[in-house]
Amino acid sequence: MPTLAAVPRSAIEWSDAFRAGEVVQGLLCRRPEPGESFYIKCRDYVSIYPDGSGRDDAIKFDRKTYARIAGLCKHPELGSLVKLHWYFSYGELTPDEMANQVGRDFIVSQGENELVSLSHDTYTFAERIHSLERVINMTPTVISFPVIDAATLFARGDKTLIRSFNMNNPTLERYELPLSCVFSMCTETCDGQYTLPALGAEGDILRWCFRCNKWLHTTCCERSNAVEVSLPLPRDTRPLQPQTVEEAVQMRCGNRVQYGPFDWLLWQQLSTLPIQRGMPGLNYVLSFELIVSKIREEDAQNGCPNDVQEYLLENIGVAKDIALMPQEALAMLQGWKPEDIYECPICGNDI
């Protein structure tokens, strides 16, 4: 263990110490409790608790903070060091702490399970890390959100706050969202087009339009009279597909297809689902956008697969290291009955 005199005491000293170490891709974090050691690597998300040395640590001893590992090294004297990229969890920032309007809008839109990136890195001992955390890194403007459970944290990969310096009050801690992190969503008249509604709040539902390649808030769309969503046209090379249950039975009996009528019916049900992010009545973001998007692509290219259940389990898109099993997610998908179809306000597509 390093002596007190060897411990860096400023940001510059920490940076110099990290550069003097040998860069490694992974480290073993040793914990005092037997069997509690764990392995960390670059880009892992981790949590840290106060170590008792800060001014408010006595009253905030259980405050959990989150970071992502940006670098690891082994110093000849200090031992294992980590470079941490920091995040804010829900409730840590208020709109009043934001220096620009788009930043205030962004913080209002933060989901309860969402972490917000801060363009600020620090260094510390690897032993300070309390535990690994499962955090999903997603891009709001594209199809990217896996199936998660209520305990899974997520972060928008295209949004990072920066510290804002106030010349009139240099000690005032404020943050802003740079315009370089602002990307248009939904329609030009949508109030939330540059951020998002509160991800996970009931009623905040998004639908994907494959023609516009855009997410649209259902509150910005008119309800459609269509009985099913618009689908991509099948490829010219797609094998002949049955159009009715009777045809599915005949083609199966004639060995022209390997799937039965029940598989075909299930495939028809799933291939006509909307691509949606968020579910009414849930306080977290549940989305089957990855699997429904893949089903549409597979249906347009090859039609119904020989083994529908096997295809679904392989492509259900459950996030790694969460308690939700693929079979449970698949049961939720098969039981999902979207209430409405909407009309895309841009192209008129039924979504």
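Figure 1. A search of the whole structure, which is a predicted model, turns up zero disulfides. Let's look at two of the cysteines. Cys220 takes part in no disulfide, and the nearest cysteine sulfur, that of Cys186, lies 3.7 Å away. For a pair to count as a disulfide, the two sulfur atoms must be within 2.5 Å. Cys221 also has Cys186 as the closest cysteine by sulfur, here at 6.1 Å, which is too far for a bond.

**Figure 2. Helix H1 and its buried face.** Helix H1 spans residues 11-20, and its buried residues are Trp14, Ser15, Ala17 and Phe18. Why do these residues line one face of the helix? Viewed down the axis of H1, they fall within an arc of 165 degrees, so one face of the helix carries them. Turn to the other side of H1 and you will find Ile12 and Arg19, which are exposed.

**Figure 3. Helices H4 and H5 in contact.** This view pairs helix H4, residues 261-271, with helix H5, residues 289-301. The two pack at an angle of about 120 degrees, and their axes are 9 Å apart. The crossing in which H4 passes H5 is left-handed. Which residues make the contact? From H4 come Trp267, Leu270 and Ser271, while H5 supplies Val292, Ile295, Arg296, Glu298 and Asp299. Sorted by class, the contact of H4 with H5 holds four nonpolar residues, one polar residue and three charged residues.

**Figure 4. The chain around the close-ups.** To place the views above, here is the protein chain as a whole. Its secondary structure amounts to seven helices and 16 strands. Along the principal axes, the C-alpha atoms fill a box of roughly 80 × 50 × 35 Å. What share of the 351 residues is buried? Buried residues account for 46% of them. Taking contacts between residues at least 6 apart in sequence, 65% join residues at least 24 apart.

Notes
Residues numbered from 1 in each chain as written. Predicted model: local features only at pLDDT ≥ 70, side-chain atom pairs only at ≥ 80, totals over all residues. Heavy atoms only, no water. Axes fitted to C-alpha atoms, helices over the stretch in contact; angles between N-to-C directions. Helix = DSSP H or I, 4+ residues; strand = E, 2+ residues; numbered from the N terminus. Left-handed = near helix turned anticlockwise from the far one by under 90°. Contact = heavy atoms within 4.5 Å. Nonpolar A, V, L, I, M, F, W, Y, C, P; charged D, E, K, R; others polar. Buried < 20%, exposed > 50% of the residue type's maximum accessible area, 1.4 Å probe, protein only. Arc of directions from axis to C-beta.
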